[in-house]
Amino acid sequence: HPRRFLSEIDFQVYYHHPDEPEAFGRTIAEALASGAPTILSPDFRPLFQDACIYAHPSEVKEIITQLYSDPSAYRERAEYGHTFIKENFGHEVHKQRVRELIGEPTSTPRAPRRSQPRRTVLFFTSNGAGMGHLTRMMSIARRMPDTVRPIFATLSTGMQVVRDAGYFCEYIPRSPGHKPAEWNAFLEHRLTEIIRRYDIDALVFDGTVPFQGLLGAMEATGVPAAWCRRGMWQEGKSEKIPRRAKHFELVLEPGEFAEDYDRGATVEHREEATRVRPILLLDESEVLDRRAAREELGLSHDGLAVLVGLGAGNDEDTASPTRLAVEKLLQHPQIQLVVAEWVIQKEAFDLPDRVKPIKTYPISRLLRAFDFAFSAAGYNSYHEHIGFGVPTIFIPTETQLDDQPARARYADSVGVGLCLDPFSEDGLERRLELMLNEDSRQEMADRCRELFPGNGAEDAMLAVEQLVMATSTGGTSS
């Protein structure tokens with residue numbers, strides 16, 4: 001969309017072909033209105049006056065380099081161009097021209113409503129093996145009041161889902177070839193630039209490790225910050241990382257349904273955190289019922305439907321369980337089988353014809369279509385399946401820090417799902433036999449409804465809003 005495209009460029013350089021004269025310069029006006037300094041041929045000076053920069057093409061590179069290296073001058077140029085368009089070609093100017101032609105309107109216009117100054121919050125996430133970091137931040141951002149403008153910066157290649165949801169999102173690539181010191185210096189520079197360029201009032205980070213580059217940008221800008229620090233770390237790993245909480249005004253801990261099995265490093269630091277219930281992207285009212293979800297997926301209303309969603313499949317360990325689960329399920333002709341392909345998935349699964357692949361976000365909106373599911377035990381999938389009452393065979397994915405096996409074992413111990421760890425063909429067949437029993441599925445669904453504490457996304461939003469409001473009044477967050 002033009003609005004999205006223009007919001008993501010820093011300059012517009014526009015030289016039209018001399019044999020194709022512009023009737024007006026709408027492209028130029030749109031770029032100026034979006035805040036992008038614009039470099040043109042001098043032919044446009046009579047129309048746009050000093051709102052643009054006029055130069056020969058050979059001079060463009062030096063102009064951009066000099067202006068971009070001076071944030072104050074860049075901002076002044078961007079704001080001047082925006083103001084020029086508003087005052088000369090904006091809606092009010094157009095209304096005045098029409099008014100001069102046809103006179104004043106016969107009805108009295110409504111008085112404009114007074115609005116509070118809008119604050120801007122930067123949600124910054126690491127990449128991760130899945131979509132957990134981005135999804136938790138979107139869960140909070142979409143519930144922020146109108147007085148707060150959320151924007152995103154992320155290391156995740158899944159950034160498109162953020163843009164599709166209507167948020168501005170800066171993608172910061174992480175090159176595996178960079179040494180840690182080099183990459184952290186790059187990250188500090190980019191985040192500092194983003195914080196200053198977009199007048200960030202508060203920052204919320206979701207990731208396991210607050211990078212040194214992040215901490216450097218926070219120190220350089222003085223921006224108040226929160227760390228959304230998920231629990232369920234593997235026992236004995238990364239025990240020093242929670243100490244970085246001292247750099248943040250707020251430590252927000254998303255709830256863990258399996259917290260009784262949490263033996264990780266964050267357990268000893270819970271007193272410093274603001275704890276909320278598990279954070280889900282969607283509320284109960286946003287999840288389609290069985291009939292509507294099946295209609296959207298093109299599934300029959302009769303018979304069993306099963307979802308297999310074991311991760312992005314970017315490594316053999318995930319792809320193999322998916323293939324074996326599909327093979328076993330296809331032995332039952334009555335089953336309608338759907339396999340979830342992740343947004344960040346590098347290659348599509350090679351699936352038999354009877355299997356329906358879906359690649360949609362968020363998939364939680366369609367979970368009620370299924371009688372049961374196979375799922376990894378990452379934070380999002382685990383809490384969505386239990387929160388929306390879907391009987392699930394949890395097959396933990398091996399990660400560097402997230403204790404997925406503990407989540408899966410806890411689900412099994414309290415009767416909301418089944419744990420398949422370690423993964424084996426015999427174990428898969430035994431658990432599949434249980435899931436094919438309607439009474440067993442109903443017991444699991446009932447236990448989900450009985451034990452799940454509800455969505456904590458609204459509570460998390462209120463904690464972040466408190467941090468933002470404290471910055472606007474000069475106070476500090478508790």
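Q: Which residue has its backbone oxygen 3.1 Å from a polar atom of the side chain of arginine 143?
A: This is a predicted model, in which local features need pLDDT of at least 70 and side-chain atom pairs count only at pLDDT 80 or more, while totals for chains, interfaces and linings use all residues. Residues are numbered from 1 along each chain as its sequence is written, and side-chain values use heavy atoms, leaving out hydrogens and water. A polar contact is a pair of N or O atoms within 3.5 Å; within protein, one must be able to donate a hydrogen and the other to accept it, and residues adjacent in sequence count only if both atoms are side-chain atoms. At 3.1 Å from the side chain of arginine 143, the backbone oxygen is that of leucine 281.

Q: Is arginine 143 buried or exposed?
A: Arginine 143 is placed in the loop between helix 7 (132–141) and strand 5 (148–154); helices (H or I, at least four residues) and strands (E, at least two) are DSSP runs, numbered from the N terminus. Leaving aside neighbours within four places in sequence, its contacts (heavy atoms within 4.5 Å) include Leu280, Asp283, Glu286 and Met461. Relative accessible area under 20% means buried, over 50% exposed and in between partly exposed (1.4 Å probe, protein chains only). Because its relative accessible area is 12%, arginine 143 is buried.

Q: Which residue in strand 3 is the bridge partner of leucine 40?
A: Strand 2 (residues 38–40) pairs with strand 3 in the parallel sense over two bridges. The partner of leucine 40 is tyrosine 54.

Q: How far apart are the end C-alpha atoms of helix 6?
A: Helix 6 is hardly covered, with one buried residue among its twelve, and just after the helix glycine 103 takes a positive phi of about 90 degrees. The expected span of a helix is 1.5 Å times one less than its number of residues. For helix 6 (residues 91–102) this gives 16 Å, which agrees with the end C-alpha separation of 16 Å.

Q: How many disulfides does a search of the whole structure find?
A: A disulfide is a pair of cysteine sulfur atoms within 2.5 Å. The sulfur of cysteine 228 is 16 Å from its closest cysteine sulfur, in cysteine 169, and is therefore too far for a bond. Likewise, the sulfur of cysteine 448 is 15 Å from that of cysteine 419, so a bond is excluded. The number of disulfides found is zero.

Definitions and conventions
Pairing = 2+ DSSP bridges.
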